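Reader: I would like to learn to read a protein model feature by feature. Please give me the general idea each time, then the case at hand.

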Amino acid sequence: MDILFVCKSASGSSVLTALVLAAQARDDGKNVGVLFTEAALAAVCGRGFDWPPLLRGRQEQMTIARNAKEAAIPVVSALDGRQTDIMALVRATSAKGVRLLACPLWSKLLAPLEIPPELGPLSQDALQKLIGQGKVVSAF
């Protein structure tokens, strides 16, 4: 794997950034993955995303969603585009060939979780190998 993005925050903005950057790297021909761990794993598994205080307001969310549509980032509905759709972005990123992974440690710590089918299972040994062979970007 060329690049492994590590998402640990349940912030919708952080997950959105990691997924978009991963998809762009994939478009550039890179072998790319996104590892969901800690709160990000819980959020992707249905416990909900949060937004940073400066991006939580209705006006900010509407602005983000309007601009997201122009950047081909999914919004909740074509009729009501006031909010980005992070789970649709997860599906679209996976469909582009980005490998989405559930952290084995946090999958156990948060069990039972309903892990979306887009997130592949991963053993601790396989995770250690991935970390050792690629460029790891962990700021999300």
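Author: Start with burial. Buried means under 20% relative accessible area, exposed over 50%, and partly exposed in between (1.4 Å probe, protein chains only). Cys103 counts as buried because its relative accessibility is 5%. Cys45 counts as buried because it has 13%. Two notes on the source. This is a predicted model, in which local features need pLDDT of at least 70 and side-chain atom pairs count only at pLDDT 80 or more, while totals for chains, interfaces and linings use all residues. Residues are numbered from 1 along each chain as its sequence is written, and side-chain values use heavy atoms, with hydrogens and water left out.

Reader: How many disulfides does a search of the whole structure find?

Author: A disulfide is a pair of cysteine sulfur atoms within 2.5 Å. The search finds zero. Cys45 is in no disulfide; its nearest cysteine sulfur, in Cys103, is 11 Å away.

Reader: Which elements run from the N terminus on?

Author: Helices (H or I, at least four residues) and strands (E, at least two) are DSSP runs, numbered from the N terminus. Here the order is β-α-β-α-α-α-β-α-β-α-β. That gives six helices and five strands. Now the overall size: the radius of gyration is taken over C-alpha atoms, and the globule rule is 2.2 Å times the number of residues to the power 0.38. The protein has a radius of 15 Å, close to the 14 Å from the rule for 140 residues, so it is as compact as a globular protein of that length.

Reader: What does helix H1 pack against?

Author: First its length. The expected span of a helix is 1.5 Å times one less than its number of residues. H1 covers residues 12-27 and reaches 22 Å from first C-alpha to last, close to the 22 Å expected. Its buried residues include Val15, Leu16, Ala18 and Leu19. Contact means heavy atoms within 4.5 Å. The buried residues of H1 pack against strands S1 (3-7), S2 (32-36) and S3 (99-102), and against helices H2 (38-47) and H4 (86-95). Just after H1, Gly29 takes a positive phi of about 90 degrees.

Reader: Is Ser107 buried or exposed?

Author: Ser107 counts as buried because its relative accessibility is 17%. Ser107 is found in helix H5 (residues 104-109). Leaving out residues up to four places away in sequence, Ser107 touches Leu41, Ala102, Leu113 and Ile115.
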